[in-house]
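This report goes through one protein model by topic. The sequence and structure come before the details.

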Amino acid sequence: MIDNRVDPPFIGDERAMLNNFLDWHRETLAVKCAGLSQEQLRERSAPPSTLSLLGLVRHMAHVERVWFRHVLNDEGVPLLYKTDDPDADLNDVDTASAEEAFATWRAEIEHARKLSAEVSLDAIGKRKRHGEDCSHRWILVHMIEEYARHNGHADLLRERIDGVTGE
């Protein structure tokens, strides 16, 4: 597997720590998917779960868009993968393009990085989430948590697909 992750520093200011941990977790998902075919990326875990690595990539693209473009910046962009199924990002992978999903995910990450660099950690998002205000700092911590949780899923999915394990 190709591993382009850069370990977060042991010493640094809060912004650097948050950004580096988030980037490390973003790249961890990429590492878990590296070298797999489109069919392998679509492979489901164990019934009744429909979870797949491709679904996780699509889900994280959606999550990046919601938290940074919608909540932090109130951009008027549509949600990704919106259908009657609220979990379409995770479920509708049988004909989904892995190339498109990864390109979308990477584009959302780049946009999120740009937005994040332009505001203070104390900035309050321009849109409420679940009726509550949240700070940029909270969004970054939440994104680290979101990736960490789903990277655990990705680790199990990858091991099931080809036996590869790792951090």
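## Leu-56 and its surroundings

The model is predicted. In it, Leu-56 is in contact with Leu-29, Leu-51, Leu-90, His-150, His-153, Ala-154 and Leu-157, leaving aside its neighbours within four places in sequence. Leu-56 itself is found in helix α3, which covers residues 53-72.

Leu-56 counts as buried because its relative accessibility is 0%, and the cut-off for buried is under 20%. Asn-91 is 35 residues away from Leu-56 in sequence, while the C-alpha to C-alpha distance between the two is 9.6 Å.

## Confidence

The mean pLDDT of the protein is 94, with 99% of its residues at 70 or more.

## Nonpolar core

The largest nonpolar core has 41 residues. Leu-29, Leu-53, Phe-68, Trp-105 and Met-143 are those with the most contacts inside it. Helices α1 (14-33), α3, α5 and α6 each supply at least two residues of this core. The helix that gives the most to the core is α3, with 12 residues.

Met-143 touches Leu-22, Met-60, Val-63, Glu-64, Trp-67 and Phe-68, not counting residues up to four places away in sequence. Trp-105 is buried, because its relative accessible area is 0% and buried means under 20%.

## Aromatic pairs

A search of the whole structure finds 2 aromatic pairs. One of them is formed by Trp-67 and Trp-138, with 5.3 Å centre to centre and 50 degrees between the planes, a tilted arrangement. This pair links distant parts of the chain: Trp-67 belongs to helix α3 and Trp-138 to helix α6 (residues 136-162), 71 residues apart. Trp-67 is buried at a relative accessible area of 7%, whereas Trp-138 is partly exposed at 42%.

Phe-102 and Trp-105 have ring centres 6.0 Å apart and planes at 75 degrees, so their pair is edge-to-face; the cut-off for that class is over 60 degrees. Both residues lie in helix α5 (residues 98-117), 3 residues apart, about one turn of the helix.

## Charges over rings

Trp-67 also has the charged end of Arg-129 over its ring, 5.2 Å from the centre. Arg-58 lies over the face of Tyr-81, at 4.0 Å from the ring centre.

## Cysteines

How many disulfides does a search of the whole structure find? The search finds 0. Cys-33 counts as buried at 4% relative accessibility, and Cys-134 counts as buried at 8%.

## Backbone features in loops

Pro-47 and Pro-48 are joined by a cis peptide bond, with omega about 10 degrees. Pro-48 lies in the loop between α2 (38-42) and α3.

Asp-74 has a positive phi, near 50 degrees, and is a residue other than glycine. This residue is found in the loop between α3 and α4, and Asp-74 is partly exposed, with a relative accessible area of 38%. His-130, not a glycine either, has a positive phi of about 55 degrees. The loop between α5 and α6 holds His-130. With a relative accessible area of 71%, His-130 is exposed, because the cut-off for exposed is over 50%.

Notes. Residues numbered from 1 in each chain as written. Predicted model: local features only at pLDDT ≥ 70, side-chain atom pairs only at ≥ 80, totals over all residues. Heavy atoms only, no water. Helix = DSSP H or I, 4+ residues; strand = E, 2+ residues; numbered from the N terminus. Buried < 20%, exposed > 50% of the residue type's maximum accessible area, 1.4 Å probe, protein only. Contact = heavy atoms within 4.5 Å. Phe/Tyr/Trp six-rings, centres within 6.5 Å; stacked < 30°, edge-to-face > 60°. Lys NZ or Arg CZ within 6 Å of the ring centre and 35° of its normal. Core = buried A, V, L, I, M, F, W, Y, C linked by side-chain atoms within 4.5 Å. pLDDT = per-residue confidence, 0-100. Disulfide = S-S within 2.5 Å.
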